[in-house]
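Please read them with the structure open.

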Amino acid sequence: MAIKADLEGTSRLLSTADDVVRESLAVASDRTDGGKGIDREQVHCERLAYAATELAAARDLLDYANGPGAADPAVPAMAAAFAGEFGLKLGGQVSAHAVEFGIDDARFAATLGSPDFLGVARAAVADEAISAIGRHVIEQRGVNHSPIDDEMAVMTRDSVRQFADSEIAPIAEHIHRNDDLVSDEQIEKMAQLGFFGMAVPEEYGGGGMGNLAMIVTTEELSRCSLAAAGSLITRPEILTKALLKGGTEEQKQQWLPPIAAGEVMAAISVTEPDIGSDVASVRCKAEPAEVGGEQGYVIDGAKAWCTFAGRANVIALLARTDPDLAKGARGLSLFIVPKDTFAGHSFEMRQESGGLLEGKADATPGYRGMHSFTLAFDNYFVSAANLVGREKGLNKGFYLQMNGFAAGRLQTGGRATGLAQAGLERTAEYAADRKQFGQPIGNFQLTQHKVGRMATHIMASRQLTYRAAAAMDADESIALEPAMAKLFSSDVAVWTTQEGQLVHGGWGYAEEFAISRYVVDATVLPIFEGVKPILELKVIARNLLAR
Ligand SMILES: Cc1cc2nc3c(=O)[nH]c(=O)nc-3n(C[C@H](O)[C@H](O)[C@H](O)COP(=O)(O)OP(=O)(O)OC[C@H]3O[C@@H](n4cnc5c(N)ncnc54)[C@H](O)[C@@H]3O)c2cc1C
């Protein structure tokens with residue numbers, strides 16, 4: 001039975017919110033000189049970046065509700081509820097920071113404070129409207145059958161779900177609790193299904209399936225395990241995009257086919273112990289050298305948080321090739337550094353020439369199965385042939401890496417949505433099965449309301465991410481949409497898994513209930529690939545405020 005929703009009113013509401021956000025962006029753009037002075041107004045720019053992101057999510061969810069989503073009885077109500085919640089929140093923020101937003105009282109009264117706006121928003125977020133969504137989701141046990149207007153994506157979802165349920169779900173908990181490494185057997189199975197070559201064009205041995213299929217795949221794998229499946233695709237994806245953007249033809253021929261086949265597994269190394277968000281200040285250096293008659297570079301320095309560095313066959317390494325630190329981002333190059341594979345939590349890789357690479361994994365509460373290493377490069381030789389782009393790539397590594405990161409962020413939108421979906425399913429099942437006070441806890445209005453909000457936000461994060469995938473299919477160079485998808489979906493995963501944990505009560509804190517794993521896995525999402533404040537300020541706000 002369809003749950004009532006006023007989609008015309010929702011459309012008016014979002015168009016009003018859109019006007020206000022646009023006007024506020026124009027004001028902020030003026031005040032920050034087209035974004036150059038964001039640091040003078042970081043707090044407000046962060047607020048605006050988030051509002052614009054939520055607005056985009058609300059629009060994408062509404063479009064979906066008016067399109068294929070109309071076939072799902074809960075989706076129109078979700079679109080209305082999400083837009084209503086966003087609109088009222090925006091109203092509160094504009095009211096509190098009217099000067100910064102540049103919206104005076106009269107303009108506020110005519111827009112976010114108007115009777116029509118408030119009427120639509122209040123009806124959409126009425127307790128009963130959201131609880132009805134929750135009841136429906138609990139009845140369906142949270143399962144995601146959301147209609148997709150793309151036959152290939154639907155087939156991909158079905159087949160990957162089947163694979164993940166039978167191959168990943170049974171081992172996910174064991175890997176997490178024992179901090180095991182993802183097994184070679186699992187990597188081989190995923191390779192056979194073409195999961196590592198989704199972004200690789202067919203001419204280089206990949207599937208060339210486009211970003212939507214990649215996102216749907218990632219979502220389904222992450223639904224069973226963020227670390228032991230969904231995240232395995234991220235690194236090949238980032239390296240593939242960097243190679244496609246800046247690699248020579250010879251390098252593409254050499255590296256892309258084995259990446260697509262899962263024969264070359266990659267790690268990405270940008271972060272250093274003392275350099276994180278300020279990527280342009282990377283210090284690990286690569287100096288020209290000739291070793292055994294071969295031209296190349298020797299690498300010296302420390303790196304941090306290099307995920308999968310032990311098992312990986314290559315490390316995509318961002319290193320300083322121009323010693324002048326003042327050159328910043330214009331002095332960095334991207335290398336493909338070959339190494340042996342190691343299974344444990346530490347390794348030592350010695351070269352005949354005397355080069356040494358040592359790695360030690362840092363223990364983490366979640367995101368296990370991948371292992372993130374602190375690395376020490378000492379006189380480690382890498383051939384000149386492995387400088388991405390060869391001579392043309394010298395000191396261009398920052399831009400190639402950022403292009404790769406945009407792809408990684410889009411993928412993380414899928415990872416976060418899949419993880420959040422897993423939390424929703426466990427929570428809906430638990431709410432249906434757990435009895436207190438003589439009835440299932442899912443019968444209580446507050447549980448239904450919580451599940452309704454969780455499901456609504458997850459659907460918004462899914463649609464924002466799918467839209468970003470389509471945008472990236474159309475233009476590989478975009479940065480804004482993938483960043484928004486990553487920002488919002490990561491927050492949704494953190495919040496919904498914690499909300500789901502509460503619905504599980506004490507059992508939500510027990511390791512034997514998967515929700516406790518989801519909670520610790522989710523908290524890493526807003527940290528990597530650009531920690532949340534940096535993503536908001538340096539990518540989203542900068543893009544939105546640029547003239
Ligand atoms: C499990 C895990 C896996 C990872 N995997 C990888 C990987 O595979 N490869 C890799 O290269 N990296 C990886 N990372 C590193 C990750 O990308 C960084 O942690 C992240 O970019 C943030 O850098 P940082 O930790 O040095 O934080 P910092 O840059 O020190 O930032 C800390 C905080 O300082 C504040 N801050 C910093 N600068 C500003 C500013 N300009 N304005 C306002 N506030 C600011 C923000 O609040 C920010 O959250 C991983 C991290 C983790 C935890």
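1. By class, the shell around the ligand has 10 nonpolar, seven polar and three charged residues. (Ala, Val, Leu, Ile, Met, Phe, Trp, Tyr, Cys and Pro count as nonpolar, Asp, Glu, Lys and Arg as charged, and the others, Gly among them, as polar.) In total 20 residues surround the ligand, the closest being Ile 268, Thr 271, Ser 277, Trp 305 and Thr 307; a residue is near a molecule if one of its heavy atoms lies within 4 Å of it.

2. This is a predicted model, in which local features need pLDDT of at least 70 and side-chain atom pairs count only at pLDDT 80 or more, while totals for chains, interfaces and linings use all residues. Residues are numbered from 1 along each chain as its sequence is written, and side-chain values use heavy atoms, with hydrogens and water left out.

3. A backbone N or O atom of Val 270 lies 2.8 Å from a ligand oxygen. An N or O atom in the side chain of Thr 271 is 2.7 Å from a ligand nitrogen, and one in the side chain of Thr 307 is 2.7 Å from a nitrogen atom of the ligand. Taken alone the ligand exposes 980 Å², of which the protein buries 67% (Shrake-Rupley method, 1.4 Å probe).4. Strand S1 (266-269), strand S3 (294-307) and helix H18 (532-545) each give two or more residues to the shell around the ligand. H18 provides the largest share, three residues. (Helices, H or I of at least four residues, and strands, E of at least two, are DSSP runs numbered from the N terminus.)

4. The ligand sits in the largest pocket, meaning that more than half of its atoms lie within 2 Å of the pocket's grid points. On a 1 Å grid over the protein atoms alone, a pocket is an open set with protein on both sides within 12 Å along at least five of seven lines, a cavity is a set of points where a 1.4 Å probe fits but cannot get out, and lining residues have an atom within 4 Å of a point.

5. The largest pocket holds about 1,200 Å³ of space. Phe 405, Phe 528, Glu 529, Gly 530 and Val 531 are the closest to its centre among the 43 lining residues. Helix H14 (397-433) is one of the elements that supply at least two residues of this lining, and H14 gives the most, with seven.

6. The structure holds one cavity of 30 Å³ or more. Its lining includes Ala 172, His 176, Arg 368 and Asp 521, and helix H8 (151-178) contributes the largest share, three residues.

Methods:
A polar contact is a pair of N or O atoms within 3.5 Å; within protein, one must be able to donate a hydrogen and the other to accept it, and residues adjacent in sequence count only if both atoms are side-chain atoms. Grid points are joined across faces, edges and corners, and a volume is the space filled by probe spheres set on the points.
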